[in-house]
Amino acid sequence: MQQHIDSALLQRLASTYGTPLYVYNADHMTAQYERLSQAFTQKKPRFFYASKALTNPHVLRHMHSLGAGIDCSSINEVLMALYAGIPAQDILYTSNGIHIEEIVSAANAGVHINIDSISNLRKFGELYGDSYPVGVRLRPNIMAGGNLKISTGHDKSKFGIPIDQIDQVLAVMAHTGLRIKGLHIHTGSEIKDVSVFIQGVQLLFTLSEKFPHLEFVDLGGGFKVPYMADEQGTDIENLAKSLEDAFALFEKNTGRDVAIWFEPGKYLVSGAGYFVTQVNLIKQTPTVAFVSVNSGFNHLIRPMFYDSYHYIKNISNPQGELKPYAVVGNICETDTFAWDRELNEVREGDLLVFYNAGAYGFEMSSNFNSRYRPPEIMVRNGEPLMIRRREDFTDLTRAIMPIDNT
Ligand code: LLP
């Protein structure tokens, strides 16, 4: 199984499909999934791939073929999973801040549902009583995650029902007969510290006796992957062992068998993704050498939005002398991918590749400046398959009403 795509293949794909171009290595996704699932030897969790990281239905099918369910954060992601042929019982919908009508649509589709507000829980209970058990997303008031923008479990976060308001959940259950089958937390993205998950699960254990119909605890996603060369990701084997120990003790003390669910996104797809761009021009100014690539935050927004680091390599001149550059995009905004970055000498026309671009890369892209979104290529067993074509002008105008109407 080829876990990495080499520069020669990226170069070939760039000449076949043009640039900019997203390339995904399905074998890397498989290896990540296997490492995760094999780390658990005593108690096998259920993994629902967080499709918001990368929603292409070909990727969803690949994940499902590995044994993963699909986690969705909007009704359209649910529709996308159904479109990909995933059965409803393998789809999880974790709602956030949405109208009850959307939750009803998810219920009509028959998928698992996590509800994240008292207001919607009450409305759902009044509509369904005990006929449609759901999970509740709780806010554990734990600060965790790579940066504040991607921290979701702290005591000022909009996500989930604050743990301090658990009595209101119990009141809805008593009033409507609603059955709670799952307790869910997701404290953030890029959580390296295993103890955050343990702390979360212990909190859920303390609540479990209030929930007689509890079937699963859902610990969300958020495993850290290394973006920089000297970074460590979450120690998955340690995580599995610590959780298995915690669950074994809980089961011994209570006699209850509660399943573990996870919703990993980044961990499964980040390292599988390569974003291949081409250098439009070099602008040597008195202070800075700008390298302008044929992309911008319209295609990869993470560096600008979260100050995220993506390793960049000049695959056209790997032996070139190392020099510092500012790598910028070509859109009409300040769209700096990297400042003061050492790259092998860059020439106009060279291919620059951004690594770890599989998660929240294409998925957060847009048509800003009326530019097209790139194609996506999935490579499996060395075989490339185009899973999304490059957009063209018809894509930009598809939803526009005829202009002679105005
Ligand atoms: N479950 C829930 C309820 C979530 O909100 C998320 C991510 C996940 C699972 C998956 O988390 P992951 O395993 O991918 O960390 N766009 C940001 C990350 C935002 C994550 C939003 N929620 C980024 O590019 O860093």
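Me: Which residues does Asp 71 touch, not counting residues up to four places away in sequence?

Reply: This is a predicted model, in which local features need pLDDT of at least 70, side-chain atom pairs count only at pLDDT 80 or more, and totals for chains, interfaces and linings use all residues. Residues are numbered from 1 along each chain as its sequence is written, and side-chain values use heavy atoms, with hydrogens and water left out. Contact means heavy atoms within 4.5 Å. On that basis Asp 71 touches Phe 48, Tyr 49, Ala 50, Ser 51, Lys 52, Glu 77, Leu 92, Thr 94 and Glu 263.

Me: With which side chain does the side chain of Asp 71 make a polar contact?

Reply: Asp 71 belongs to strand 3 (residues 69-72); helices (H or I, at least four residues) and strands (E, at least two) are DSSP runs, numbered from the N terminus. A polar contact is a pair of N or O atoms within 3.5 Å; within protein, one must be able to donate a hydrogen and the other to accept it, and residues adjacent in sequence count only if both atoms are side-chain atoms. At 3.3 Å, the partner of the Asp 71 side chain is the side chain of Thr 94.

Me: Is Asp 71 buried or exposed?

Reply: Buried means under 20% relative accessible area, exposed over 50%, and partly exposed in between (1.4 Å probe, protein chains only). The relative accessible area of Asp 71 is 2%, so this residue is buried.

Me: Why is the pair of Phe 124 and Tyr 128 stacked?

Reply: The structure holds 24 aromatic pairs. Rings of Phe, Tyr and Trp (its six-membered ring) pair if their centres lie within 6.5 Å; planes under 30 degrees apart count as stacked, over 60 as edge-to-face and the rest as tilted. Phe 124 and Tyr 128 both lie in helix 6 (residues 118-128), 4 residues apart, about one turn of the helix. Their ring centres are 4.3 Å apart, and the pair is stacked because the planes meet at 20°.

Me: How many residues apart in sequence are the parts that the pair of Phe 223 and Phe 262 ties together?

Reply: The pair of Phe 223 and Phe 262 is edge-to-face, with 5.4 Å centre to centre and 65° between the planes. Both Phe 223 and Phe 262 are buried. Phe 223 lies in the loop between strand 9 (216-218) and helix 9 (236-254), and Phe 262 lies in strand 10 (residues 259-262), so the parts tied together are apart in sequence by 39 residues.

Me: Which residues do ring pairs link into a cluster?

Reply: Phe 223 and Phe 262 are among the members of this cluster.

Me: How much of the area that the ligand exposes when taken alone does the protein bury?

Reply: The ligand is surrounded by 17 residues, the closest being Ser 189, Glu 263, Lys 266, Arg 302 and Tyr 360; a residue counts as near if one of its heavy atoms lies within 4 Å. An oxygen atom of the ligand is 2.4 Å from an N or O atom in the side chain of Ser 189, and a polar side-chain atom of Lys 266 lies 2.6 Å from an oxygen atom of the ligand. Taken alone, the ligand exposes 580 Å² (Shrake-Rupley method, 1.4 Å probe). Of that area, the protein buries 91%.

Me: What is the omega of the cis peptide bond that joins Thr 19 and Pro 20?

Reply: Most residues other than glycine have a negative phi, and most peptide bonds are trans. Pro 20 is found in the loop between helix 1 (7-17) and strand 1 (21-25). The bond joining Thr 19 and Pro 20 is cis, with omega at about -5°.

Me: What is the phi of Glu 190?

Reply: Glu 190 is placed in the loop between strand 8 (180-184) and helix 8 (194-207). With a relative accessible area of 15%, Glu 190 is buried. Its phi is a positive value in a residue other than glycine, near 65°.

Me: With which residues is Ala 84 in contact, leaving aside its neighbours within four places in sequence?

Reply: Ala 84 is found in the loop between helix 4 (75-83) and strand 4 (91-94), and counts as buried at 4% relative accessibility. Pro 57 and Leu 60 are among the buried residues of helix 3 (residues 57-66). The contacts of Ala 84 are Pro 57, Leu 60 and Arg 61.
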